Every structure is written in structure tokens, then in C-alpha cells.
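User: Could you take me through the ligand sites in this one? I have the model open beside me.

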Amino acid sequence: MIGPASARAGYQGHQRQRHRVPHAHWTDDSCCKLILTGAEERMIKSGNRMKSSKHKSPHTTDTEFGGVIGAACIIVFLPLTVLFLLSVCVSEEGSVFRWPPPLPPHSDLYDPRAVFIITVWFSTHILLYLLPVGKVSEGLVLRDGSRLKYPINGFHALCVTIVLVCMCVCVGLPLAHLYDLMVPLAVCAVGVAFLLSLYLYARSFWAPVHALALGGNTGNAVYDFFIGRELNPRIGLFDLKYFCELRPGLIGWVVLNAVMLMKEVELHGSPSVSMLLVNAFQLLYVTDALWNEEAVLSTMDIVHDGFGFMLAFGDLVWVPFTYGLQAAFLVSHPHTLTPSSALAIILLNGIGYYVFRKSNSQKNQFRRDPTHTSVRNLETIATATGKQLLVSGWWGFVRHPNYLGDLLMALAWSLPCGFSHILPYFYVLYFSVLLVHREARDERQCRAKYGAAWQVYCSRVPYRIIPYIY
Ligand SMILES: NC(=O)C1=CN([C@@H]2O[C@H](COP(=O)(O)OP(=O)(O)OC[C@H]3O[C@@H](n4cnc5c(N)ncnc54)[C@H](OP(=O)(O)O)[C@@H]3O)[C@@H](O)[C@H]2O)C=CC1
Ligand SMILES: CC(C)=CCC[C@@H](C)[C@H]1CC=C2C3=C(CC[C@@]21C)[C@@]1(C)CC[C@H](O)C(C)(C)[C@@H]1CC3
């Protein structure tokens, strides 16, 4: 273990913060510059919970994603990007460079069947979320010292969904026809994301001060609507952000993949190896996320980010309608894999998954119980917050081994589509940008949280995601 003495002087401020807010995880948000009202300061000092909404909100002065202009552009252009990508995907040419782009006519954007399907889909998943099965877990400690409870039954929801889809196939429901409804389904999901974000923004003005995310209160309506003002909006015990993060969108993604597979069978008589690989890889990824559902409670999205348009749109539209573009692409652009290339792709996905799972599990285990036999012999750096940083094992290899594994998998999901088009590589390109940006956000937060100890860690583990490259 590297001694903390040399680093300590650098984070006196953090120590003071920790003393001021017993049991609270202020540090998670400390990268945001905060202006607290006198009332809040006094409440924090006395360790009281901030229960009343009468106090003024903490004011955010730092913005991300390009500030107001960036947020406005994302709100306008991302939904259009989804429609563009889907339209290109089903077009014969499949080229993102074709001009004018093959956009669908207005009349194809709306279909009442899509509204019906989306309503049934969300209702089913709300019911599955509310089912009293599985354990109940506590999230991290909030600013007011409390911890929220979350149902861990996402894996059950996935299993029930798979059974329901199989039953639909058995009774002869033409699920493959959903392929032709992709665009109206996406339009309808965009509508849900906008309505939900408006609701979230409006209700945040009734939320108590301690329930607001520290990064979402600039006072600019566009930016705050985009980034999200309230940290954990709930209707009773129903947690809206947690529900959206893992259920309707993530499970919807693999169900849409299965639809693509059925469409391919309808068109060509049997599924291709490429289609089977894309379906299997992505089902493994989603199953893993739901099997390890508890781990999502400590991600940046749940702990730090407010719930606004970014996550609502990301969870409900972006994930289900763009993460599975490879399968949609294969329906209209079949690609035959040689056995050796199929094996090489399976190997790549296997390596990626191994790195992703092992590194995430190692960190989760270490954070839950640093004395556990699987992690107690790892080298660590002490920090003034009381937490330690791993400096050997996966987290001594690069600073984000889990991102590296995720990226290898992303590549393995695109390769089954061959090299004729760029579209199936959209996910791996977008994902690289997302992870580089996410890494920078996390880096800022860790530097603020751990001060000099983080610098020591960075000098010990110089590469962020890819060894010797980045
Ligand atoms: N498919 C997709 O679209 C996306 C997938 N992901 C995946 O989600 C997973 C979670 O990612 P994300 O939430 O971004 O962040 P991470 O799981 O990488 O968590 C980062 C946090 O881990 C802790 N940490 C960092 N370094 C160390 C260390 N050396 N020792 C101990 N703890 C350390 C710090 O928190 P603390 O010290 O407070 O514990 C840090 O804030 C990843 O596998 C990622 O690939 C993420 C985004 C999108
Ligand atoms: C372009 C745009 C609006 C982006 C919003 C970002 C979101 C799409 C992603 C932010 C973090 C995510 C995570 C997952 C899915 C994508 C989003 C929502 C995740 C649920 C995927 C499965 C993983 O195993 C995970 C649970 C670790 C992961 C958590 C983060």
C-alpha cells in the first residue's frame, strides 16, 4: 500500500467536507462548482437533513456537453440522427453518404400500432418492476445521509419478457412485421422521452433542495432540461431513472434484435451466422447488465447525473434503436462469414467480455469488501477520503479496463457485418467518443475527490483505456 502522508496535504479541503457532512457522499459531486445558500451551509454544518423545498437550489456554474448550445443541438439533432440511421439501415444502398438521405415520407412517421405497442411495452415493464420478486438493495448514501431502496428484479423481467416473446411466436403473432414499424416505433419512443423529460423538469421545481443533482441547476431552462435537475425522481417507491436505465430500453434492444432475426428468416428461410452472432453477443451483454443489476447503483448515471432529457432519450430511444443497428443492417444487407472469421469474432467478443466482466467485478468487490480474499492482496493507494484506489490487478493495467473490454465487444458486434459499409460501425465509433468523454468526466470527478492520491495513481497507471496508445 502506498502511504497517504505525502498526498494528504493536498486534500485538506476534502477532509473538512467529510467532517462537515457525516455519512454523506459529497465527494461524488465535488467537481461541480457550488454556490450554497447560507441556510444550506448551516444545515450541512449541523448535519441536519435538508427537508424543505423553501431553500434556494444549489447553483451550478460549470456545464458539460458544450453548455447550452451543445445541449440544444443534442436535443434537436439526436432524435433526427436516430431516424436518419434507421432509414439508411433499411434502404437498399445502406450508405450514410448518399445525398439526399433516404428519409421516410411524413406519412410513415406515425402509426397507431406503434403507439399501441409502446404502451403495452411500458405497461408490461412497469408491472414487472413492481413485482415483489428478487431482493431489495440500498443505493449509495445520499447528500442528506439517507439511502434509497431499489428492487433487483431486472433479470426476472428479462426472463419473463423472453417467455412472453416465445409465446407470441408460438401463437403465430407476426413479430417480424415490427421490422416495418421501426421508424414509427422510434418516433413514438422519442415522444415518450420528450414527455417524460418535460414532466421531470417540471416536477423538479417541487423537489427538496437535497434531492437536486448538483450539476443540473444552472438556471438555464434548456441546459437543465437536458442534463436533468432532480437526482432520483420517484413516484412513491417507483424510481424513474433506475427503471429507465435498465428495463424498457435495454430489454427492448434485444427484443428488436430478435425481430430482425425473424425478419431475416422470413426473407431468406434461415438465420445467417452473422445475425446469430450479433444476437448472441448483444443478448449476453444485456443479460450480464441485468444479472449484475445491483452494480448499476454505483454508476455515474445513478450517483451523479440528474434525470433529464439526456438519460431519458439515451435509455428509451438511443439504446434500443441504435445499439442494434447491426442486426437491422443485416436484414437488408446479408453478409456471409467464413468459419475462421466467425471464430475470430467469437474470440474477440469473448476476450472483450472477460476483460469487461472481470474488471467491473474486481472493482465492485473491492468497493463492497476490500478484505475479501479475491481482492485483499491487491496493491492499493490510500486516499484522504478513507477509500482506497486499486493500483494492481485490472485497475493497475489501465485506468479504465472495463471500457477497454466494452470497446473490444463493440468491435466484435460490428465485424459480422463485413466491411462494405460504415453504418454497422456506427456503434463502435459513437461508443469510442462516449467512453473518451465519459473517461474525462470521471477523471475530473476523481481528481476532485482524491486530489494528490489520484495524481499518484495516474503516474503509476499512465494509460487511460488502451495500453501504450491512450
Ligand atoms: N454500453 C454503453 O452504452 C455504456 C456502457 N458503460 C459501461 O458501464 C460500466 C460502468 O462505467 P462507469 O459508470 O462509467 O464507470 P466505472 O465503472 O469505470 O467507474 C468509475 C469509478 O470507479 C472508481 N475507480 C476508478 N479507478 C479506481 C481504482 N483504481 N480503484 C478503485 N476504484 C476506482 C471511481 O469511483 P469511486 O472511487 O467513487 O468508487 C470512479 O469514479 C463500464 O463497464 C462501461 O464500459 C458505460 C457507459 C455507456
Ligand atoms: C447520446 C446520448 C444521449 C447518450 C446518453 C448515454 C446513454 C445512452 C448511456 C449512458 C450510460 C449508459 C449505461 C448503459 C447503457 C447506455 C447508457 C444509458 C448500460 C446500462 C449498458 C449495460 C452495461 O452493462 C451497464 C449496466 C454497465 C451500462 C450502464 C451505463
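**Ligand sites and a helix**

Analyst: Gladly, and I will begin with one contact of ligand 1: a nitrogen atom of this ligand sits 2.8 Å from an N or O atom in the side chain of tyrosine 285. Please keep in mind that this is a predicted model.

User: Which side-chain atom lies 2.7 Å from an oxygen atom of ligand 1?

Analyst: That is a polar side-chain atom of lysine 449. An oxygen atom of ligand 1 is also 2.9 Å from an N or O atom in the side chain of asparagine 360.

User: And how much of ligand 1 does the protein bury?

Analyst: Taken alone, ligand 1 exposes 920 Å², and the protein buries 87% of that area.

User: How many residues surround it, ligand 1 I mean, and which are the closest?

Analyst: There are 26 residues around ligand 1, and Tyr323, Tyr403, Asp406, Arg438 and Tyr450 are the closest. By type, the shell around ligand 1 divides into 15 nonpolar, four polar and seven charged residues.

User: Which element gives the largest share of that shell around ligand 1?

Analyst: The largest share comes from H17, with eight residues. At least two residues each are supplied by helix H15 (339-368), strand E8 (388-390), helix H16 (401-414), H17 and H18.

User: Switching to ligand 2, which residues come nearest?

Analyst: Of the 16 residues around ligand 2, those that come nearest are Leu78, Ala289, Asp301, Asp315 and Arg438. On its own ligand 2 exposes 630 Å², of which the protein buries 84%.

User: What is the make-up of the shell around ligand 2, and which element gives the most?

Analyst: The shell around ligand 2 has 11 nonpolar residues, one polar and four charged, and H13 gives the most, with five residues. Two or more residues come from each of helix H9 (240-246), helix H11 (273-291), helix H13 (309-322) and helix H17 (426-450).

User: Where does ligand 2 lie relative to the domains?

Analyst: Ligand 2 lies between domain 1 (61-335) and domain 2 (337-469), because both give residues to the shell around it. The shell around ligand 1 likewise takes residues from domain 1 (61-335) and domain 2 (337-469), so ligand 1 lies between them.

User: Last topic, helix H18: which residues are buried there?

Analyst: In H18, which covers residues 452-460, the buried residues are Ala453, Trp454, Tyr457 and Cys458. Viewed down the axis of H18, its buried residues fall within an arc of 140 degrees, so they line one face of the helix.

User: Why would that spacing work?

Analyst: An α-helix has 3.6 residues a turn, so residues three or four places apart point the same way.

Terms used
Residues are numbered from 1 along each chain as its sequence is written. Chains are lettered from A and ligands numbered from 1 in the order in which they are written. This is a predicted model: local features need pLDDT of at least 70, side-chain atom pairs count only at pLDDT 80 or more; totals for chains, interfaces and linings use all residues. Side-chain values use heavy atoms; hydrogens and water are left out. A residue is near a molecule or strand if one of its heavy atoms lies within 4 Å of it. Accessible areas come from the Shrake-Rupley method with a 1.4 Å probe; for residues, only the protein chains shown count as cover. Helices (H or I, at least four residues) and strands (E, at least two) are DSSP runs, numbered from the N terminus. Ala, Val, Leu, Ile, Met, Phe, Trp, Tyr, Cys and Pro count as nonpolar, Asp, Glu, Lys and Arg as charged, and the others, Gly among them, as polar. Domain bounds come from an automatic or database domain assignment. Buried means under 20% relative accessible area, exposed over 50%, partly exposed in between (1.4 Å probe, protein chains only). The arc is that of the directions from the helix axis to the C-beta atoms. A polar contact is a pair of N or O atoms within 3.5 Å; within protein, one must be able to donate a hydrogen and the other to accept it, and residues adjacent in sequence count only if both atoms are side-chain atoms.
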